[in-house]
Amino acid sequence: MPKQYTPEVKGRAVTYVLDRLDRYKSVYGACQDLAPKLNIGAETLRRWVVQAQIDAGDRIGPTSEELAEIKALMAKFKELEETNEILRQSAIFFARELVVGSPESSPVTM
């Protein structure tokens, strides 16, 4: 199970890296060096720093707010697909009932 970090820990770690970023050739290098000192995984720290740079407008990419909106829309889309499938199956079921229960399909008694 992945570790859960508080927003305060994330914020302090990102600030720590961004303040020292000019000493390194890349974000990757900075995170590789600084992550063990912060007791955070290097890739986790790198993703946080890159997202902070995107949110600040220093990099191109979807902001945190846009990512949250995309996640919410994907969940809504999945819910609507499931609802449509239920409605489709219901329509098929009731269409069969109408055909089976129709006067044309019942035996003729005289």
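**Note on a predicted helical model**

1. Asn39 lies in the loop between H2 and H3, where helices (H or I, at least four residues) are DSSP runs, numbered from the N terminus. The model is predicted, so local features need pLDDT of at least 70 and side-chain atom pairs count only at pLDDT 80 or more, whereas totals for chains, interfaces and linings use all residues. Residues are numbered from 1 along each chain as its sequence is written, and side-chain values use heavy atoms, with hydrogens and water left out.

2. The backbone of Asn39 deserves attention. Asn39 has a positive phi of about 60°, although it is not a glycine. Most residues other than glycine have a negative phi. Asn39 counts as exposed because its relative accessibility is 57%; the classes are buried (under 20% relative accessible area), exposed (over 50%) and partly exposed (in between), with a 1.4 Å probe and protein chains only.

3. The packing of two helices comes next. Helix H1 (residues 7-20) and helix H3 (residues 42-56) pack at an angle of about 80°, and their axes are 9 Å apart. H1 is therefore roughly perpendicular to H3. Here axes are lines fitted to C-alpha atoms, for helices over the stretch in contact, and angles run from 0 to 180 degrees between N-to-C directions. Angles under 35 degrees count as roughly parallel, over 145 as roughly antiparallel, 65 to 115 as roughly perpendicular and the rest as oblique.

4. Which residues make the contact between H1 and H3? On the H1 side they are Lys10, Ala13, Val14, Val17 and Leu18, and on the H3 side Leu45, Trp48, Val49, Ala52 and Gln53. Contact means heavy atoms within 4.5 Å.

5. Gln53, in helix H3, is buried because its relative accessible area is 10%. Leaving aside neighbours within four places in sequence, Gln53 is in contact with Leu18, Leu21, Val27, Asp58 and Arg59.

6. Thr63 is found in the loop between H3 and H4. Is Thr63 buried or exposed? Thr63 counts as buried because its relative accessibility is 19%. With neighbours within four places in sequence left aside, Thr63 is in contact with Gln51, Ile54 and Asp55.

7. The structure holds 3 salt bridges, a salt bridge being a side-chain nitrogen of Lys or Arg within 4 Å of a carboxyl oxygen of Asp or Glu. In one of them, the side chains of Lys37 and Asp33 meet at 3.8 Å, N to O. Lys37 and Asp33 are separated by about one helical turn because they are 4 residues apart in helix H2 (residues 27-38). Lys37 is exposed, at 58% relative accessibility, whereas Asp33 is partly exposed, at 32%.

8. Helix H3 contains the pair Arg46 and Glu43. Their closest N and O atoms are 2.6 Å apart in a salt bridge. Being 3 residues apart, Arg46 and Glu43 are separated by about one helical turn. Arg46 is partly exposed, at 25% relative accessibility, and Glu43 is partly exposed, with a relative accessible area of 39%.

9. In helix H4 (residues 64-100), Glu85 and Arg88 lie 3 residues apart, about one turn of the helix. Glu85 forms a salt bridge with Arg88, with the closest N and O atoms 3.4 Å apart. Glu85 is partly exposed, with a relative accessible area of 35%, and Arg88 is partly exposed, at 44% relative accessibility.

10. Leu67, Ile70 and Met74 form a nonpolar patch on the surface, with about 280 Å² of accessible area together. Patches are made of residues with over 30% relative accessible area and no salt bridge: like charges are joined within 9 Å, and nonpolar side chains (Val, Leu, Ile, Met, Phe, Trp, Tyr) within 5 Å. Accessible areas come from the Shrake-Rupley method with a 1.4 Å probe; for residues, only the protein chains shown count as cover. Met74 lies in helix H4 and counts as exposed because its relative accessibility is 55%.

11. Two separations along the chain may also be noted. Lys25 lies in the loop between H1 and H2 and is exposed, at 89% relative accessibility. The C-alpha atoms of Lys25 and Val100 are separated by 74 Å, the two residues being 75 residues apart along the chain. Glu79, in helix H4, is partly exposed, with a relative accessible area of 43%. Glu79 and Ala42 are 37 residues apart along the chain, and their C-alpha atoms are separated by 35 Å.
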